[in-house]
Amino acid sequence: MNPDGFRTEVIDPVLRLLDLYSRAASNLMLGTALVESGLVHRRQVGGGPARGLFQIEPATFHDVYRRYLPRRTGLLTRVNGLLLANRTPADQLYDNDRLGCAIARLKYWMCPLPLPRADDRAALAAYWVRHYNAGGKGT
């Protein structure tokens, strides 16, 4: 999928569903998917545990879904509405891009610091490194 289509069909609708839309959030999510997977790789290159276009590891998924969301029932209900039937939620990260986008955005939202300006690419990239790729090899 091309970046504009991914933003239009996945990112922006999910951010609006979660009531977490802003231009900065949309840019951050698109940049995250581009740098993590190139909008191509659904399994971590090199055999790691990360899944989907946002390259979410199962431990990160469980931290957001099982620890953070149960205390926020409105958000949990909206995220549960993105789930597909008859599959475990963590396994859906491979190909349920809307779920991956929601979990990735909530991972960022757990950080108390505000998002950078929407047009500040360097600051958005630094935010990704610090709050999403922390401990990873991203630059």
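A residue is called buried here when its relative accessible area is under 20%. The structure is a predicted model. By that cut-off, both Tyr108 and Tyr132 are buried.

Aromatic pairing was examined across the whole structure. The search finds five aromatic pairs. In one of them, the ring centres of Phe6 and Phe54 are 5.8 Å apart. Their planes stand at 40°, so this pair is tilted. The two residues come from distant parts of the chain, 48 residues apart. Phe6 belongs to helix 1, residues 3-17. Phe54 sits in the loop between helix 2 (23-37) and helix 3 (58-68). Phe6 and Phe54 are buried.

Tyr108 and Tyr132 form another pair. Their ring centres lie 5.0 Å apart, with the planes at 25°. Planes under 30 degrees apart count as stacked, and the pair is therefore stacked. Tyr108 is part of helix 5, residues 97-109. Tyr132 falls in the segment after helix 6, which spans 121-131. The pair therefore ties together parts of the chain that are 24 residues apart in sequence. Ring pairs also bring in Tyr127, giving a cluster of Tyr108, Tyr127 and Tyr132.

Charged side chains also lie over aromatic rings. Arg43 is placed over the face of Tyr94, at 4.2 Å from the ring centre. Arg72 lies over the face of Tyr68. Here the distance to the ring centre is 3.8 Å.

Helix 5 also holds Gly100. The relative accessibility of Gly100 is 4%, so this glycine counts as buried. Neighbours within four places in sequence aside, Gly100 is in contact with Phe54, Ile56 and Leu93. Phe54 is thus both a contact of Gly100 and the ring partner of Phe6. Gly100 and Phe61 are 39 residues apart in sequence. Their C-alpha atoms are 8.8 Å apart in space.

Helix packing was examined next. Helix 2 and helix 6 pack at an angle of about 65°. Their axes are 10 Å apart, and the crossing is right-handed. Helix 2 contributes Ala24, Asn27, Leu28, Thr32, Val35 and Glu36 to the contact. Helix 6 contributes Leu124, Tyr127 and Trp128. By type, the contact residues are six nonpolar, two polar and one charged.

Technical notes: Residues numbered from 1 in each chain as written. Predicted model: local features only at pLDDT ≥ 70, side-chain atom pairs only at ≥ 80, totals over all residues. Heavy atoms only, no water. Phe/Tyr/Trp six-rings, centres within 6.5 Å; stacked < 30°, edge-to-face > 60°. Helix = DSSP H or I, 4+ residues; strand = E, 2+ residues; numbered from the N terminus. Buried < 20%, exposed > 50% of the residue type's maximum accessible area, 1.4 Å probe, protein only. Lys NZ or Arg CZ within 6 Å of the ring centre and 35° of its normal. Contact = heavy atoms within 4.5 Å. Axes fitted to C-alpha atoms, helices over the stretch in contact; angles between N-to-C directions. Left-handed = near helix turned anticlockwise from the far one by under 90°. Nonpolar A, V, L, I, M, F, W, Y, C, P; charged D, E, K, R; others polar.
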